[in-house]
Amino acid sequence: MHHDKPAKPLPATGRISRRQVLGTAAKATTLPLMPLIATSCTTPVQPSELAFSAEARTILDAFVDRIIPADANGPGAIDAGVVFYINNALTNWNSQEKDQLVEGLFQLTRTARQRYDQDFALLSDANKDALLRDMEDGVIAGFPDSSAIFNRLHRLTLEGMFSDPYYGGNQSYAGWDLIGYPGAVMASTPDMQRMGGRLPPLHTSAYGSDYDGD
Amino acid sequence: MAITLPETDVVVVGLGAAGGVAVLPLTRAGLQVVGLEAGTWMNPGTDYKADEIHNNVRALVTTGNKVAGEVPTVRRSPTETAVQQARHPMMNAVGGTSIHYHAQSWRLNPWDFRVRSATLERYGASYIPEDTTLEDWPVSYADMEPYYDHIEYEVGVSGTAGNLNGQINPAGNIFEGPRSRDYPMPPLRSCDFLDHMLEAGRAVGYHPYHGPAAINSQAYDGRPGCQYHGYCDRGGCHVRAKNSTDVSTIPKAMATGNLEVRDNCNVRRIEADNTGKVTGVTYLRDGEEYFQPARAVLMGCYTYENIRLLLLSRSGFYPNGLGNNRGQVGRHYFGHWDIQGGTLVTALFPFDINIWYGAIAQGVMVDDWADDNFDHGGMGFIGGASLHVYTEKHPIGAAAMGTFGKVERNWGSAWKDFIRVNAGRTQTAYIQTNTFPYTHTYADLDPLVRDPFGDPVLRITNGPKRNEPMAAAHAADKMEAWFRAAGACDIVNTGGGVGPALSTHAHGGTRMGSNPDTSVCDPWGFSFEARNLGVIGGSVMPTAGARNPTQTLQALAWRTAQHLVDDWNSITA
């Protein structure tokens, strides 16, 4: 056909819990570098390589965690496996922008060291957010494309959170539950278009509904 | 050296929305037709997904193998260097863009066919927009009615008649021209949000109705009805309920035994002899060059490639491109002033509207502020825009919503709380404005940018317009009032917009008309200069209505093909 097919799924070798992989996800900086292979059986897009070094992965974890934090409204980007999505995207479909985005992450942490004498991932949430606002606004000296890089990383974070779990993110349908999208279906009934409150979650993927989200 | 193939009666270049229709009257009349298509057959079972990444983010259905290398460049004035766009949802496949389009399927309003004379009659010469090359169409609504009817029945269109032989039905579009019979299928099903908007529209004095769609609302022609799964936009139909030509008219034409579909053919040139007559088509397939002789050729590519192929097909008789000895090819081109032109009215409701599922064409339309359906006296513009609300919301797009100034940043916990509540509560109306041709808006060959074969890509020059943004802004305010009547708590209204860069509703460039000095094609869609060359598709349309063009260009394609059958001897002499 006229486009790249996703790589074939690796044979399942027993399921690993997402929590086992991510540990206590909120402390992104304490995570060891884990292979970025998502754990769901509905996630057959398997990267043949890792897009990130351990250092870049640590910065990206901290970035997505501030874009969509875990809070009273439920899981955040880390819990939902957004970094799996971004890794899959940058090793396959979006590989042409990988180098620029990874360099942007390093520039972000270099700016953190200049400003706070600490790596970005080790800053307080308030200082991370202050730096991210300046990155989004394009006002960091020596970081000329910061706004465009922020926007791409922000966009990829949203794609990872709200795309079909097939692509590695939106684990346990955390993103779809957040906004009330019930799930991918092959047919909808009139009742699924009724108004008057939220629709109940279906937790279905376009690529099979067998994934139960741990 | 090209391999010369045995002669056929007709070559149709491109088997999309237009070419896929034209093959049916030709083959039914017994003509031998070769359809040359740059793409191949899609497989609804495996190629189409209920997946926003697949359809919308990565554009895997709409990405073509050939068009990817020939996306036009765009500029806003003749002094700028035009810049090539990253991609455009043209498509190479049997069925073409009719596979992934929204399938809103309209007849134009009778006024659309005679905008110039109707404007002069009602408002006077001062209302003709400055710099326009506007002409009446060489056909009237009455001329088109039988061909619209063919499309509605042979392609399959669902809807409610608003004017059945002069009898007005307020459940349909009361402004439409008289139709000789009803649609073959009732409209797509309604839903709570659409019923709510219908009621609100009536409350503010508009005449809303369920829009027509080339989608089965029930089983038709051996295929099932719509499943409303919400991935119609830029995706093909997994159950073949969307009546793209690869599942409707092309299989019927193949059943006659007179159509050969030749896929993966990259047409490079239309050939002409030294009397100006077209002799056939040169194309590449699997690296081999072929010449397919034909008694007549119909060009059925997307507007951009119809124009480009004519300009590239130079010969002794046509030194400036085929059928271009009067310099009209590429003139009178324009993109539709619609949502791509930046006319956006987005509403936030204080309740869940639950439009995740459905289809873009499952919608309610208002025509009160389109065409000449209201008095323009004192307003300083002509035309207007249709207002359309619809279903089908995708989760990434929903989460990436505008936030109506309610959160400081589109990230962090405050934003997350905002989208938790509101991602399922917004709608951006689809507003489509009557659009006209201008002297400063045209297509030609780019002097710098080339396709992978070394041929220039097309260059689009979009000059400034005054009428369209005024008409669009007027309609956008009417849309805002409609949303407010429906209980919207916040609205963002961008007004008239700036106009499209490239357009998925590209019109003109091989305009049909009565005067060979100002048009490329005659009133039947045949070249004034190359008499056995017909052109079908949006490139022949002289104006854009306040609605999607596909059914009109399909009706024209049928009419052009039927004319070739009826006048075969004189056209191919």
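**The bridge partner of B:Arg269 is B:Thr282, which lies in E11 of chain B.** This is a predicted model, in which local features need pLDDT of at least 70 and side-chain atom pairs count only at pLDDT 80 or more, while totals for chains, interfaces and linings use all residues. Residues are numbered from 1 along each chain as its sequence is written, and chains are lettered from A and ligands numbered from 1 in the order in which they are written. Strand E10 (residues 266-272) of chain B pairs with strand E11 (residues 278-285) of chain B in the antiparallel sense, over six bridges. Pairing requires that DSSP finds at least two bridges between two strands. Helices (H or I, at least four residues) and strands (E, at least two) are DSSP runs numbered from the N terminus. The hairpin of E10(B) and E11(B) has five residues between the strands, and B:Gly276 in this hairpin has a positive phi near 95°.

**An open sheet of three strands in chain B has the order E17-E14-E21.** The pairing in this sheet is antiparallel. Strand E17 (426-428) and strand E21 (490-493) of chain B are at the edges, each with a single partner strand, so each has one side without a neighbour in the sheet. Direction ignored, neighbouring strands of this sheet are turned by 10° against each other on average. Strand E14 (residues 345-348) of chain B is joined to E21(B) by four bridges in the antiparallel sense. One residue pair can be picked out here: B:Val345 has B:Asn493 in E21(B) as its bridge partner.

**B:Phe349 sits in the loop between E14 and strand E15 (363-366) of chain B.** B:Phe349 is buried, with 20 other C-beta atoms within 10 Å. A residue counts as buried if 20 or more other C-beta atoms, placed from the backbone, lie within 10 Å of its own, as exposed if 12 or fewer do, and as partly exposed in between. Leaving aside residues up to four places away in sequence, B:Phe349 touches B:Arg425, B:Gly487, B:Ala488 and B:Cys489. Contact here means that C-beta atoms, placed from the backbone, lie within 7 Å. B:Trp415 is 66 residues from B:Phe349 in sequence, and their C-alpha atoms are 17 Å apart in space.

**Nine of the ten residues of helix H1 (residues 19-28) of chain B are buried, so this helix is largely enclosed by the rest of the structure.** The buried residues of H1(B) are B:Gly19, B:Gly20, B:Val21, B:Ala22, B:Val23, B:Leu24, B:Pro25, B:Leu26 and B:Thr27.

**Helix H5 (residues 141-156) and helix H12 (residues 550-566) of chain B have axes that come within 8 Å and cross at roughly 105°.** H5(B) is therefore roughly perpendicular to H12(B). Axes are lines fitted to C-alpha atoms, for helices over the stretch in contact, and angles run from 0 to 180 degrees between N-to-C directions. Angles under 35 degrees count as roughly parallel, over 145 as roughly antiparallel, 65 to 115 as roughly perpendicular and the rest as oblique. On the H5(B) side, B:Met144, B:Tyr147, B:Tyr148, B:His150, B:Ile151 and B:Val155 meet B:Gln551, B:Gln554, B:Ala555, B:Trp558 and B:Arg559 of H12(B). The residues of this contact of H5(B) with H12(B) are seven nonpolar, three polar and one charged. Ala, Val, Leu, Ile, Met, Phe, Trp, Tyr, Cys and Pro count as nonpolar, Asp, Glu, Lys and Arg as charged, and the others, Gly among them, as polar.

**Chain A has seven helices and zero strands.** Two of its helices are shown: the axes of helix H4 (residues 98-116) and helix H5 (residues 125-137) of chain A come within 11 Å and cross at roughly 120°. A:Leu108, A:Thr111, A:Ala112, A:Arg115 and A:Tyr116 of H4(A) meet A:Asn127, A:Leu131 and A:Met135 of H5(A). Five nonpolar residues, two polar and one charged make up the contact of H4(A) with H5(A). Of the 214 residues of chain A, 48% are buried. Among contacts in chain A between residues at least 6 apart in sequence, 64% join residues at least 24 apart.

**Where chains B and A meet, 45 residues of chain B are in contact with 41 residues of chain A.** Helix H3 (52-57), helix H6 (192-203), helix H9 (395-399) and helix H10 (412-422) of chain B are the elements that give two or more residues to the side of chain B that touches chain A. H10(B) supplies the largest share of that side, six residues. The side of chain B that touches chain A divides into 19 nonpolar, 14 polar and twelve charged residues.

Note on methods: Contact = placed C-beta atoms within 7 Å.
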